[in-house]
Amino acid sequence: MKAVVYFLISSITVSLAGLMGRWEFPILFIKPKANVYITGLTRHGISILFGLFAILSQSSLLVSFLLTVMAGLWYISGPYFVRRWKVISTVCVIACTIACFISYTASYQLEMTYTEWSLFTITLVLFGHTLDHLDALLNTFPYLVSSNKLEQAKFQKATSAAYWVSILRLVISMPPESELDVSPIEDMETAIRVLGPASRSWKTMAALFPVNLRQDLCLLYAFFRTADDLVDDAPTPEACEENLVTIRLFLRDVFLTTKHSGSETSCLPLHLDWDHYARLLNHDQDVLAVFRNFARIAHYLCPRAMSELTDAWELDLRGEPVKKQKDLLNYAALVSGTFGELCTCAIMYKTGNGNWAYKSDTNQARDDEVLSRARSTGQCLQLVNIARDVIADSLVGRCYVPMQYMAYPQIYDILKITRNPYQVGETTLKTFSLRILSLADQISDKAQKGIDGLPNEVQDSIRAAFEIYMAIGPTLRNDPGFPLRAKVPKRQQQWIALCCIYGFRGPVIRAIMSTFYQIISVSFSLFARLFNSRTGPKTHSL
């Protein structure tokens with residue numbers, strides 16, 4: 001009975017701590033610039049107090065043991081606990097209340113006091129946050145354990161023996177917080193700020209991923225968004241071209257030096273001249289921070305995919321029309337297909353499946369078939385994005401609709417140059433959109449297989465994100481008009497995520513959702529007619 005109660009309380013406590021603590025990146029609560037004296041007093045003073053309480057405690061051996069464990073945990077992560085006091089306090093209060101209730105109902109068989117149950121629960125909460133703290137350090141500063149990239153790849157998976165050995169080595173040799181390099185943390189904060197409004201939805205979706213993967217995907221996405229803005233939104237066409245040249249130069253330098261550089265005190269490649277890039281980027285510190293973030297993770301990313309991504313940006317700069325349907329497919333593969341491949345490299349590396357940047361005699365981890373399917377996943381989502389944004393793109397002077405779809409060439413000029421999509425007519429625009437959606441549907445099965453090739457721990461979250469985005473298609477098809485930017489309702493997103501978790505996949509879920517919303521649409525239409533018939537104009541005889 002006692003073992004069952006322990007297991008029940010432990011499960012509830014760990015689940016609560018994980019649920020409430022995963023919405024922020026743990027690394028952001030590590031502050032190397034904090035006051036050394038206050039940090040030292042917090043860490044050493046409170047851990048000593050716990051130790052004294054353990055020695056002087058007359059309650060029971062269990063209380064002394066738990067206080068001793070808390071003293072050790074506080075010595076390792078005390079300042080981190082203080083900065084996360086809101087989450088830790090909330091979890092402790094809820095978990096202790098549940099623990100005391102469970103212990104009360106089972107008190108006739110358990111010889112434990114409420115104090116013992118409360119201390120046991122608090123110790124579990126602190127232990128979980130200590131692991132979050134150590135994992136953040138290991139993920140951001142892997143050179144504290146090993147500066148060898150091959151060794152670092154071995155301790156990425158949290159369930160592996162190498163990971164736990166690395167955690168132990170980190171605890172033994174962990175330097176004071178003030179001696180840590182602050183730049184990776186500040187650059188991470190910059191990446192989140194640069195993402196702006198997109199960071200909220202990104203963090204919500206990415207919260208389903210393991211913490212170490214979530215952090216690196218955020219850095220990769222921030223670089224993708226920042227580079228795209230540099231090429232698309234510079235003040236002049238000349239500045240856009242100069243920025244593209246700078247990005248290509250940066251990528252060449254990063255990938256040329258990544259194989260051969262390493263440092264015991266930094267994750268940055270050693271041979272990059274950051275002063276030179278500061279001049280090229282007009283000393284924009286936010287952009288430089290995002291570039292530094294990318295350089296830290298570039299050692300496991302595919303150089304060929306990044307090169308193809310710059311080719312896609314060059315196509316945008318040229319402003320050439322998309323003539324054929326195959327040109328649209330190629331463009332979608334270059335933009336989001338390559339980004340899907342890069343995300344797969346990050347996923348595989350951070351889940352302990354090896355470095356997929358290169359394939360060689362000494363590195364057999366990379367699976368080109370999985371990467372090809374990942375490109376299809378990104379390509380499919382990009383096609384949906386283009387179909388949704390036909391009007392929005394036209395309003396800013398962009399047109400990705402193939403000229404093959406247009407009845408006469410002037411339609412392209414109206415969309416691209418005149419920027420007056422409504423002159424073409426919603427019916428025609430929606431026809432373009434539906435044809436592009438049909439392309440996405442044709443490759444969706446291969447895109448699903450791309451998700452199936454990923455590690456089990458990330459499949460559900462990625463499948464949920466994929467299906468939520470694919471649900472834009474039925475939303476557009478069922479809309480009587482053509483909205484400026486179709487969105488999937490939040491409740492529908494939640495339902496899709498739930499279906500993905502419980503096994504409904506691919507075309508099955510899309511068919512279910514399409515039928516469901518058609519029924520809802522018909523029901524509302526019938527209700528509206530009935531309501532209008534009852535509240536319509538009435539005539540009165542005099």
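In the predicted model, Phe250 is in contact (heavy atoms within 4.5 Å) with Phe223, Leu272, Trp274, Tyr277, Phe291, Phe294 and Ala295, when residues up to four places away in sequence are not counted. Phe250 has a relative accessible area of 0% and is therefore buried, where buried means under 20% relative accessible area, exposed over 50% and partly exposed in between, for a 1.4 Å probe and protein chains only. In soluble globular proteins, nonpolar side chains tend to be buried together.

Residues are numbered from 1 along each chain as its sequence is written. Local features need pLDDT of at least 70 and side-chain atom pairs count only at pLDDT 80 or more, whereas totals for chains, interfaces and linings use all residues, and side-chain values use heavy atoms, with hydrogens and water left out.

Aromatic pairs were assigned for rings of Phe, Tyr and Trp (its six-membered ring) whose centres lie within 6.5 Å, with planes under 30 degrees apart counted as stacked, over 60 as edge-to-face and the rest as tilted. The count by this rule is 19 aromatic pairs. In the pair of Tyr163 and Trp164, the ring centres are 5.3 Å apart and the planes stand at 90 degrees, so the arrangement is edge-to-face. Tyr163 is buried, at 6% relative accessibility, while Trp164 is partly exposed, at 41%. The pair of Phe250 and Trp274 is tilted, with 6.0 Å from centre to centre and 55 degrees between the planes. This pair links distant parts of the chain, since Phe250 belongs to helix α11 (residues 237–258) and Trp274, 24 residues apart from it, to helix α12 (residues 274–280); helices are DSSP runs of H or I with at least four residues, numbered from the N terminus. Trp274 is buried as well, with a relative accessible area of 18%. Ring pairs join Phe223, Phe250, Phe255, Trp274, Tyr277, Phe291 and Phe294 into a cluster. Elsewhere, Arg43 lies over the face of Tyr75, at 4.3 Å from the ring centre, a charge being taken to sit over a ring if NZ of Lys or CZ of Arg is within 6 Å of the ring centre and within 35 degrees of the ring normal.

Helix α16 (residues 368–388) contains 21 residues and spans 30 Å from its first C-alpha to its last, close to the expected 30 Å, the expected span being 1.5 Å times one less than the number of residues. Of the 21 residues of α16, 16 are buried, so this helix is largely enclosed by the rest of the structure. At the start of α16, a side-chain oxygen of Asp367 comes to within 3.0 Å of the backbone nitrogen of Glu369.

Helices α2 and α3 were examined through Ala54 and Thr68, respectively. Ala54, in helix α2 (residues 36–56), is buried at 8% relative accessibility and touches Ser64, Leu67 and Thr68, not counting residues up to four places away in sequence. The C-alpha atoms of Ala54 and Leu66 are 7.9 Å apart, although the two residues are separated by 12 residues in sequence. Thr68, in helix α3 (residues 61–83), is partly exposed at 47% relative accessibility, and a polar atom of the Thr68 side chain lies 2.7 Å from the backbone oxygen of Ser64. Thr68 and Phe50 are 18 residues apart in sequence and 6.6 Å apart in space, C-alpha to C-alpha.

Among the loop residues, Glu177 is located between α7 (161–173) and α8 (183–195) and is buried, with a relative accessible area of 13%. Apart from neighbours within four places in sequence, Glu177 is in contact with Ile30, Lys31, Pro32, Thr39, Pro79 and Arg83. Most residues other than glycine have a negative phi. Asn282, in the loop between α12 and α13 (285–297), has a positive phi, near 60 degrees, and is exposed, with a relative accessible area of 66%. Arg419, in the loop between α18 (410–418) and α19 (426–452), likewise has a positive phi of about 60 degrees and is partly exposed, with a relative accessible area of 45%.

Notes. Helices (H or I, at least four residues) and strands (E, at least two) are DSSP runs, numbered from the N terminus. A polar contact is a pair of N or O atoms within 3.5 Å; within protein, one must be able to donate a hydrogen and the other to accept it, and residues adjacent in sequence count only if both atoms are side-chain atoms.
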